[in-house]
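Here are my notes for you, in numbered points. Keep the structure open while you read.

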Amino acid sequence: MRKGNSVYLILLLLTSVIIGTILGRAFSEYLPVLNYGESIGFGPATLDLSIFTITFGFNASLTVAGIIGIIIAIIVYKKL
């Protein structure tokens, strides 16, 4: 992988957040602090143009396990 390619960084960050969140939920019985987090985003907003209707919305939930995954992904990316 080339170090300057931002597509690899984005894919690495997304997969690390997903894996970190899954591991955080799996080990939440033993380390409940891994599931602590906040949700950000906005609810659905609808734009009706009588020909078609578009609904926009965004929601992201970031946990401690996801943040740990992001940190690991950045370290791995810098070593590539």
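This is a predicted model: local features need pLDDT of at least 70, side-chain atom pairs count only at pLDDT 80 or more; totals for chains, interfaces and linings use all residues.

1. Residues are numbered from 1 along each chain as its sequence is written, and side-chain values use heavy atoms, leaving out hydrogens and water.

2. Look at Phe 52, in the loop between S1 and S2. Phe 52 counts as partly exposed because its relative accessibility is 43%. (Buried is under 20% relative accessible area, exposed is over 50%, and partly exposed is in between, with a 1.4 Å probe and protein chains only.)

3. Now for helix H2 (residues 64-79): its 16 residues reach 23 Å from first C-alpha to last, close to the 22 Å expected at 1.5 Å a residue. (The expected span is 1.5 Å times one less than the number of residues.)

4. Which residues of H2 are buried? They are Ala 65, Gly 66, Gly 69, Ala 73 and Tyr 77. Seen down the axis of H2, the buried residues fall within an arc of 110°, so they line one face of the helix. (The arc is taken from the directions from the helix axis to the C-beta atoms.)

5. On the face of H2 turned away from its buried side sit the exposed Lys 78 and Lys 79.

Notes
Helices (H or I, at least four residues) and strands (E, at least two) are DSSP runs, numbered from the N terminus.
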